[in-house]
Amino acid sequence: MFDYHTHSNFSYDHIGGSSMEELVCTAIEVGLDEIAITDHYDPNFPADEANLDFPAYKKQLLELKETYKDRIRVVPGIELGIRPGATLQSCSDEIVSFPYEFVIASVHSAGDHPIHRQSFREGRTDLESVIFYYEWTLECIKAYDNFDVLGHINVIDRYLPTDPEESLYIDCIEAIFRVLIEKGKGIEINTSNYRYGQVRTIPTLSMLKLYRSLGGEIVTTGSDSHGVRYIGKNLSDAQELLRAAGFTHLTTFENRMPVFRTL
Ligand SMILES: [Zn+2]
Ligand SMILES: [Zn+2]
């Protein structure tokens, strides 16, 4: 199993305060083959401070990769919170400064608000919020290239009181997939929905089928665990979802290059 989305106490929103080494040791205990550490970097995040202590972060990534190399592959990664404009330059500058092997780009805010805050949806219906979020995401990924997969594509569902009918905005999703595929970028199955009680998987099966039908091949699997508690959780469900959508492989990364693993 491959957990390609995890957060240590380097992330500003960490829960439980697990060190990076505790994540790696837990990953070994639960029998993972690889763990990608992907702490948050959200420049210009329109709310809380969302900085990352880069010197310490990079030092630990390299040390743990070396220390545990005979027991597990530790993949030095990062999760970027992308926004249009100057944020994208900050993200790009960071990525070229260090040999990250895996980069997630995620949309954590749209307009002037974090998407998890109620202020984001003030003055909009749930459907309008969803469409605004996907159109913002599309703008971001059109303008930005230095990443490997788009994180938790439909996480917005978690923050809305209702789940608007998918057919009402599937064209927005399709537009995003077309840009990702054209750029050689992938998506992830993010298993955090299971612990949040979110009925829809991330992405939904129909989204995953759409991505595949358009020629998409790159799909990573990750828990998005903040701390040790959920490391490796529901990854078998993620693999099942991939199979149900017709995929025969999942994807890992080495030095930013996709590696296809038979399911
Ligand atoms: Zn995220
Ligand atoms: Zn995350």
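Biologist: Is Cys140 buried or exposed?
Modeller: Keeping in mind that this is a predicted model, Cys140 counts as buried because its relative accessibility is 0%.

Biologist: And what about Cys91, buried or exposed?
Modeller: Cys91 also has 0% relative accessibility, and therefore counts as buried.

Biologist: How many disulfides does the structure hold?
Modeller: The structure holds zero disulfides. Cys91 is in none, and the nearest cysteine sulfur to it, that of Cys140, is 9.3 Å away. A disulfide would need the two sulfur atoms to be within 2.5 Å.

Biologist: Switching to the metals, which residues coordinate the zinc ion (ligand 2)?
Modeller: The zinc ion (ligand 2) is coordinated by His5 and His7, each through NE2, by Glu79 through OE, and by Asp224 through OD, with distances of 2.0 to 2.3 Å. Along the sequence these donor residues follow the spacing H-x1-H-x71-E-x144-D.

Biologist: Where do His7 and Asp224 sit in the chain?
Modeller: His7 is in strand β1, which covers residues 2-7, while Asp224 is in the loop between β10 (219-222) and β11 (225-226), so that the pair links distant parts of the chain, 217 residues apart. Both His7 and Asp224 are buried.

Biologist: What is the geometry of the site of the zinc ion (ligand 2)?
Modeller: The site is irregular, with angles of 81 to 167 degrees among the four donor atoms.

Biologist: Which residue bridges the zinc ion (ligand 2) and the zinc ion (ligand 1)?
Modeller: That residue is Glu79, and the two zinc ions that Glu79 bridges lie 3.4 Å apart.

Biologist: On to the rings: how many aromatic pairs are there?
Modeller: The structure holds 13 aromatic pairs. One of them is formed by Phe120 and Phe132, whose ring centres are 6.0 Å apart and whose planes meet at 40 degrees, so the pair is tilted.

Biologist: Which helices do Phe120 and Phe132 lie in?
Modeller: Phe120 lies in helix α4 (residues 118-121) and Phe132 in helix α5 (residues 126-143), so the pair ties together parts that are 12 residues apart in sequence. Phe120 is buried, with a relative accessible area of 1%, whereas Phe132 is partly exposed at 24%.

Biologist: How do the rings of Tyr134 and Tyr169 pair?
Modeller: The pair of Tyr134 and Tyr169 is stacked, with 5.5 Å from centre to centre and 20 degrees between the planes. Tyr134 lies in helix α5, and Tyr169 is in the loop between β8 (149-150) and α6 (170-182), so the pair ties together parts that are 35 residues apart in sequence. Both of these tyrosines are buried.

Biologist: Which rings are linked into a cluster?
Modeller: Ring pairs link Tyr4, Phe102 and Phe253 into a cluster.

Biologist: Back to Phe132, which charged end sits over its ring?
Modeller: The charged end of Arg124 does, 4.0 Å from the centre of the Phe132 ring. Elsewhere, Arg158 lies over the face of Tyr196, at 3.8 Å from the ring centre.

Biologist: Last topic, then: in which sense do β12 and β13 pair?
Modeller: Strand β12 (residues 249-254) and strand β13 (residues 257-262) pair in the antiparallel sense over six bridges, and in one of these Thr252 has Val259 of β13 as its partner. The hairpin has two residues between the strands, and in this hairpin Asn255 takes a positive phi near 50 degrees.

Terms used
Residues are numbered from 1 along each chain as its sequence is written. Chains are lettered from A and ligands numbered from 1 in the order in which they are written. This is a predicted model: local features need pLDDT of at least 70, side-chain atom pairs count only at pLDDT 80 or more; totals for chains, interfaces and linings use all residues. Side-chain values use heavy atoms; hydrogens and water are left out. Buried means under 20% relative accessible area, exposed over 50%, partly exposed in between (1.4 Å probe, protein chains only). Two strands pair if DSSP finds at least two bridges between them. Helices (H or I, at least four residues) and strands (E, at least two) are DSSP runs, numbered from the N terminus. Donors are N, O and S atoms within 2.8 Å of the metal (3.2 Å for Na, K and Ca); water is not among the atoms, so sites may look incomplete. Four donors count as tetrahedral if all angles lie between 85 and 135 degrees; four count as square planar and six as octahedral if opposite donors are over 155 degrees apart and all others between 65 and 115; anything else is irregular. Rings of Phe, Tyr and Trp (its six-membered ring) pair if their centres lie within 6.5 Å; planes under 30 degrees apart count as stacked, over 60 as edge-to-face and the rest as tilted. A charge sits over a ring if NZ of Lys or CZ of Arg is within 6 Å of the ring centre and within 35 degrees of the ring normal.
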